[in-house]
Amino acid sequence: MEYMELKLIANDIRKGIIDAVYHAGCGHPGGSLSAAEILTYLFFKELNIDEKNAGKADRDRFVLSKGHITPGYYAVLARRGFFPVDELSTFRKIGSRLQGHPDMKKTPGVDMSSGSLGQGISVAAGMALSGKLSSENYRVYTLAGDGEIQEGQVWEAAMFAAHRKLDNLVVIVDNNNLQIDGTVEEICSPYPIDKKFEAFGFQAMIVNGHNFEELEKAFLAAKQTKGKPTVIITKTIKGKGISFMENNLSWHSGVLSEEQYQLAMDELERERMLLCQGS
């Protein structure tokens, strides 16, 4: 798949995020928007998955450790074909299978229920170890937030994963530098993230999380690495793609007015037109 096609899909994912949050009247748009390219690359380029057979045994596994960014997760699952795109308008509604945190028992394509921050890497490491013990070739990917890695359980899991030489495990850190209460430096700085993971035995890379070429090189390097897990630290912008949300802490979670909804969708449509003109 060409980079331009991936950019257009990421634009669609952002539209899905805005649509879901607007119709729900709640949600977490900021971190969903910052991860749009990461989720797009994973689900349309990297992962060995089949939307027609979501539970196939040899599929790659994905764990959304920062489980509150379901607007982005559901948007990419819908765009990939796990369920209809128009179902995004039911986000967080009573009776919907698209609730505020992912539920593996209800939502097609979800490998692990999540929401309590800090647990995803532990779960993903367990999945990766299971693959090793059963001599299966699937790979495991987990997406964590930079504020989330302040949790101690993250580092216990990192120590375990490196000790077990889980080279089938890739941790992605969405490093948009903002968490619910402020910047990650202000709250409890995890920097330098790469050196910390390296000290625990990981291969570490830092890339632009909005650049598909850099993402591709990093995921390829992860596949070629043997004997240790990989962490890809993606430098991103919270609220990416919507001018009034970018680097704006108040959009960690928030409610869009009708005017804001239209402004956001208009911005994304203009971006799509520019992409199409440049293709």
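This is a predicted model: local features need pLDDT of at least 70, side-chain atom pairs count only at pLDDT 80 or more; totals for chains, interfaces and linings use all residues.
A residue counts as buried when its relative accessible area is under 20%.

**Entry 1. Helix 4**

I looked up how far helix 4, residues 70–80, is covered. Of its 11 residues, 9 are buried, so the helix is largely enclosed by the rest of the structure. The buried residues are Thr70, Pro71, Gly72, Tyr73, Tyr74, Ala75, Val76, Leu77 and Ala78. I then asked which elements these buried residues of helix 4 pack against. They pack against helix 1, helix 2 (29–34), helix 3 (36–46) and strand 1 (61–64). Just after helix 4, I found Gly81 with a positive phi of about 110°.

**Entry 2. The nonpolar cores**

I turned next to the nonpolar cores. The largest has 56 residues. Ile18, Leu42, Phe43, Phe62, Leu143 and Phe219 have the most contacts inside this core. Which helix gives the most to this core? I found that helix 1, residues 3–24, does so, with 9 residues.

**Entry 3. Lys15**

I looked up Lys15, which is found in helix 1. Is Lys15 buried or exposed? Its relative accessible area is 16%, and a value under 20% means buried, so Lys15 is buried. Leaving aside neighbours within four places in sequence, I recorded the contacts of Lys15 as Met265, Leu268, Glu269 and Arg272.

**Entry 4. Helix 1 against helix 9**

I examined how helix 1 packs with helix 9, residues 212–224. The angle between them is about 105°, and their axes are 10 Å apart. Angles of 65 to 115 degrees count as roughly perpendicular, so helix 1 is roughly perpendicular to helix 9. On the side of helix 1, the contact is made by Tyr3, Leu6, Lys7 and Ala10; on the side of helix 9, Phe212, Glu213 and Glu216 take part.

**Entry 5. Helix 5 against helix 6**

I made the corresponding entry for helix 5 (residues 120–133) and helix 6 (residues 152–163). Their axes come within 8 Å and cross at roughly 20°. An angle under 35 degrees counts as roughly parallel, so helix 5 is roughly parallel to helix 6. The crossing of helix 5 past helix 6 is left-handed. I listed Ile121, Ser122, Ala125 and Leu129 from helix 5, which meet Gln153, Val154, Ala157, Phe160 and Ala161 from helix 6. By class, this contact of helix 5 with helix 6 has 7 nonpolar, 2 polar and no charged residues.

**Entry 6. Val140**

I looked up Val140, which lies in strand 2, residues 140–145. Val140 is buried, with a relative accessible area of 0%. Which residues does Val140 touch, not counting those up to four places away in sequence? I found Arg61, Ala124, Met127, Ala128, Asn168, Leu169 and Val170. I also noted the separation of Val140 from Lys196: the two are 56 residues apart in sequence and 21 Å apart in space, C-alpha to C-alpha.

**Entry 7. Backbone details in the loops**

Where is Pro192 placed? Pro192 is in the loop between helix 7 (184–188) and helix 8 (193–199). A cis peptide bond joins Tyr191 and Pro192, with omega of about -5°.

I recorded Ser135 in the loop between helix 5 and strand 2. Ser135 has a phi near 55°, a positive value in a residue other than glycine. Its relative accessibility is 65%, so Ser135 counts as exposed.

Asn247 is in the loop between strand 7 (230–235) and helix 10 (258–278). I noted for Asn247 a positive phi near 55°, again in a residue other than glycine. Asn247 is exposed, with a relative accessible area of 52%.

Notes
Residues are numbered from 1 along each chain as its sequence is written. Side-chain values use heavy atoms; hydrogens and water are left out. A nonpolar core is a set of buried Ala, Val, Leu, Ile, Met, Phe, Trp, Tyr and Cys residues joined through side-chain atoms within 4.5 Å. Buried means under 20% relative accessible area, exposed over 50%, partly exposed in between (1.4 Å probe, protein chains only). Helices (H or I, at least four residues) and strands (E, at least two) are DSSP runs, numbered from the N terminus. Axes are lines fitted to C-alpha atoms, for helices over the stretch in contact, and angles run from 0 to 180 degrees between N-to-C directions. Angles under 35 degrees count as roughly parallel, over 145 as roughly antiparallel, 65 to 115 as roughly perpendicular and the rest as oblique. A crossing is left-handed if the near helix is turned anticlockwise from the far one by less than a right angle, and right-handed if clockwise. Contact means heavy atoms within 4.5 Å. Ala, Val, Leu, Ile, Met, Phe, Trp, Tyr, Cys and Pro count as nonpolar, Asp, Glu, Lys and Arg as charged, and the others, Gly among them, as polar.
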